[in-house]
Structure formats: C-alpha cells, structure tokens
Amino acid sequence: MLKYKDLTDTQKQAICNGCGGKGGFINPPEFLFHASCNHHDFRYWRGCTEADRKETDDSFYKWMRVDVATAKWYLKPYYHLWAWTYHKAVRLFGKKYFYYADKPRTLENLKDIK
C-alpha cells in the first residue's frame with residue numbers, strides 16, 4: 001500500500017496543500033497541524049471507500065491530538081478546540097475532495113508526477 005513517506009517532495013507538493021481543501025476558497029489557519037493536514041490530504045488523494053474516508057478523518061483527529069500534546073499547557077485547550085473543529089469540518093464538507101473508487105490509488109498513479 002502506498003504511504004505518504006513513499007512520495008517525493010514534488011509529489012507531496014502536487015497532492016498536499018496543508019489545511020483546507022485543495023483548490024478550495026477557504027484557507028483555515030494551520031497552527032501546528034501542517035503535517036497532519038498533509039497526511040490527510042494524501043489519504044484523501046489515495047481514496048477508496050466511504051469507510052476509508054471515515055477512517056482517514058478519524059485518524060486525522062488522532063494525529064492533531066498528538067500535535068496538541070506538543071503545545072504549551074495553556075494553549076492545549078485552544079488547539080484542541082481547533083482540532084475538533086477541523087475534524088467536524090472534514091466530516092461535513094470533505095466529501096467532494098475524497099477520491100472514491102474500487103481501489104485506492106497506487107504508485108502507478110504517480111508516474112506523471114516526478
């Protein structure tokens with residue numbers, strides 16, 4: 001299975017854009033969630049079923065909570081609220097950005113991205 005770490009920097013730039021939908025008009029602040037957002041972007045690009053999307057969104061929330069754990073104690077509630085909000089936003093509005101297919105994308109789908 002294709003993993004984020006398998007991508008070249010160019011491929012990561014082509015697939016990922018940090019927080020917010022790629023090509024979307026809303027560009028939310030990233031705070032300390034940039035890497036978590038990029039992993040989420042990659043897994044949305046890889047796609048597959050609605051169950052995969054839900055698992056990706058739930059993992060995204062888990063990754064962001066790990067990010068929150070690295071923050072100063074007095075900022076944790078603030079960042080946790082943002083993480084919860086981002087999770088709810090991708091569950092409500094992320095469907096149009098997810099790649100639905102019978103099989104997830106593979107390295108073969110990246111052949112034109114050097």
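**Helix packing, up close**

Guide: Let's start with helix H3 (residues 50-69) and H4, which pack at an angle of about 170 degrees with their axes 9 Å apart. Angles over 145 degrees count as roughly antiparallel, and that makes H3 roughly antiparallel to H4. Keep in mind that this is a predicted model.

Who's touching whom? On the H3 side, the contact is made by Glu-50, Arg-53, Lys-54, Asp-57, Asp-58, Phe-60, Tyr-61, Met-64, Arg-65, Val-68 and Ala-69. Facing them from H4 are Lys-76, Tyr-79, His-80, Ala-83, Trp-84, Tyr-86, His-87, Val-90 and Arg-91. Sort the residues of this contact by class and you get ten nonpolar, two polar and eight charged.

Now for the other partner of H3. H2 and H3 also pack at an angle of about 170 degrees, with their axes 9 Å apart, so H2 and H3 are roughly antiparallel to each other. From H2, the residues in this contact are Ser-36, Cys-37, His-39, His-40, Arg-43 and Tyr-44. They meet Arg-53, Glu-55, Thr-56, Asp-57, Ser-59, Phe-60, Trp-63, Met-64 and Asp-67 in H3.

Cys-19 lies in the loop between H1 and H2 while Cys-37 is in helix H2, so the pair ties together parts that are 18 residues apart in sequence. The torsion about the S-S bond is about 75 degrees, so the disulfide is right-handed. The disulfide count for the model comes to one.

Last stop, the largest pocket, with a volume of about 680 Å³. It has 29 lining residues, and the closest to its centre are Gly-20, Gly-21, Val-90, Gly-94 and Tyr-97. The elements that give two or more residues to the lining are helix H1 (9-15), helix H2 (34-46) and helix H4 (76-93). H4 gives the most, with seven residues. By class, the lining has 16 nonpolar, eight polar and five charged residues.

Definitions and conventions
Residues numbered from 1 in each chain as written. Predicted model: local features only at pLDDT ≥ 70, side-chain atom pairs only at ≥ 80, totals over all residues. Heavy atoms only, no water. 1 Å grid on protein atoms, 1.4 Å probe; cavity = no way out; pocket = protein on both sides within 12 Å on 5 of 7 lines; lining within 4 Å. Points joined across faces, edges and corners; volume = space filled by probe spheres on them. Helix = DSSP H or I, 4+ residues; strand = E, 2+ residues; numbered from the N terminus. Nonpolar A, V, L, I, M, F, W, Y, C, P; charged D, E, K, R; others polar. Axes fitted to C-alpha atoms, helices over the stretch in contact; angles between N-to-C directions. Parallel < 35°, antiparallel > 145°, perpendicular 65-115°, else oblique. Contact = heavy atoms within 4.5 Å. Disulfide = S-S within 2.5 Å.
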